[in-house]
Amino acid sequence: MNEAVTIGHAPATANSPQTVPHPQALLELVHGEARQSLLTVHAILEASLPEGELSIYEAGGGSTSFLPLKVLHRANVTVVDIDEDQIRNNDYAQQAILGDIQTHRFRPNSFDLVICYNVIEHVPDVEAALLRFCEALKPNGLILIGAPNPRSLSGFVTKYSPHWFHVWFYRHVRGDNKAGLPGHAPFPTLFHPLVTLSNLEAFAEQHGLQMIYRKQYESPRYPEMRLRMPAFAALVDAAARAMNFFLPGRTDVRQGDYHVILRKR
């Protein structure tokens, strides 16, 4: 196993759960496709995970949990993150490890659920991280991945624009005054090939993972812009509609993010 700095907390149990703050993920999402898909993810997790105390590995994690409260309240959560500020920001995990998800190894068959949310797009070697997830997961365990779609309009802009532009967008369009400060998004985005959904699907098939949920949805940035900067949002929407008109099939470049749930066979 890896040598890593571990911050331990009193573990939660099914009989005496540790008090945790309400996950901010749903509260911070405006009504739209992203919120609806996350609600569907929550329903699948609540129905599919085993009863009793759960062992959950969160690969990369700051102050926000994307788990439903019914799951979080009976879970023993271990978070691994390479960023000390992110580790400090996390106040719901029972174990916090300063380490690299590409190389950090747990004992095989350790976890009921691995969650990697808005993380793989920042990782240089996504394949290595995914292999570590598979190894650590129990049979019939689940992997939840939330990530941006590199083939969308927002993915294209993110990939080919400088990082200072991402910080500007978060601060002035999204209204996040802490954007770019230590421990706060946006983080440099790399877009390893496995972040592309078709490549991720092929990896899952090759490594004995069954895809039980797959949803591409409109990036939450669009409804945020429509609320905060309607004139600017109208221009972006018009550009997206024009691109969709010329692209083949039912392509919608506004589908900037996706959720995937994989089950270990």
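How much accessible surface does the protein chain have, and what share of it belongs to carbon and sulfur atoms? I looked this up first: the accessible surface of the protein chain is about 13,100 Å², and 54% of that belongs to carbon and sulfur atoms. Areas here come from the Shrake-Rupley method with a 1.4 Å probe, and for residues only the protein chains shown count as cover.

**Ground rules.** I am working with a predicted model, in which local features need pLDDT of at least 70, side-chain atom pairs count only at pLDDT 80 or more, and totals for chains, interfaces and linings use all residues. I number residues from 1 along each chain as its sequence is written, and side-chain values use heavy atoms, with hydrogens and water left out.

**Whole chain.** I find 10 helices and eight strands in the protein chain. Helices (H or I, at least four residues) and strands (E, at least two) are DSSP runs, numbered from the N terminus. Of the 265 residues, 48% count as buried. Buried is under 20% relative accessible area, exposed is over 50%, and partly exposed is in between (1.4 Å probe, protein chains only). I also checked contacts, meaning heavy atoms within 4.5 Å. Among those with a separation of 6 or more, 72% are between residues 24 or more positions apart.

**Nonpolar cores.** I take a nonpolar core as a set of buried Ala, Val, Leu, Ile, Met, Phe, Trp, Tyr and Cys residues joined through side-chain atoms within 4.5 Å. The largest such core has 33 residues, and Tyr 57, Ile 101, Phe 133, Ile 143 and Tyr 258 touch the most other members. At least two residues of this core come from each of β2 (54-59), β5 (111-117), α5 (126-136), β6 (137-148), α8 (197-206) and β8 (257-264). Helix α5 gives the most, with six residues.

I then listed the contacts of Ile 101, leaving aside neighbours within four places in sequence. They are Tyr 57, Ala 59, Gly 60, Val 80, Val 119, Val 123, Ala 129, Arg 132 and Phe 133. Another core, of 28 residues, lies apart from the largest one; Leu 45, Val 79, Tyr 92 and Ala 96 are among its members.

**End of α5.** Which residues does Ala 136 touch, not counting those up to four places away in sequence? I find Phe 106, Arg 107, Pro 108, Asn 109, Ser 110 and Phe 111. Ala 136 belongs to helix α5 and is buried, at a relative accessible area of 1%. Its C-alpha atom is 6.1 Å from that of Arg 107, a residue 29 places away along the chain.

Most residues other than glycine have a negative phi, and most peptide bonds are trans. I noted Asn 109 for its positive phi of about 60°. Asn 109 sits in the loop between β4 (95-98) and β5 and is partly exposed at 42% relative accessibility. Asn 140 also has a positive phi, of about 70°. Asn 140 is in strand β6 and is exposed, with 52% relative accessibility.

**α7 and α9.** Two packed helices are described by the angle between their axes and the distance between the axes. For α7 (residues 163-173) and α9 (residues 221-228) I read an angle of about 45° and axes 11 Å apart. The pair is therefore oblique. Axes are lines fitted to C-alpha atoms, for helices over the stretch in contact, and angles run from 0 to 180 degrees between N-to-C directions. Under 35 degrees is roughly parallel, over 145 roughly antiparallel, 65 to 115 roughly perpendicular, and the rest oblique.

Phe 169, His 172 and Val 173 of α7 meet Arg 221, Met 225 and Arg 228 of α9. I sort the residues of this contact into three nonpolar, one polar and two charged. Ala, Val, Leu, Ile, Met, Phe, Trp, Tyr, Cys and Pro count as nonpolar, Asp, Glu, Lys and Arg as charged, and the others, Gly among them, as polar.

In α7, the buried residues are His 166, Val 167, Phe 169, Tyr 170 and Val 173, and they pack against α6 and α9. In α9, Tyr 222, Pro 223, Glu 224 and Met 225 are buried; their cover includes α6 (153-160), α7 and α10 (230-246).

In the loop between α7 and α8 I found Pro 186, joined to Ala 185 by a cis peptide bond with omega of about 5°.
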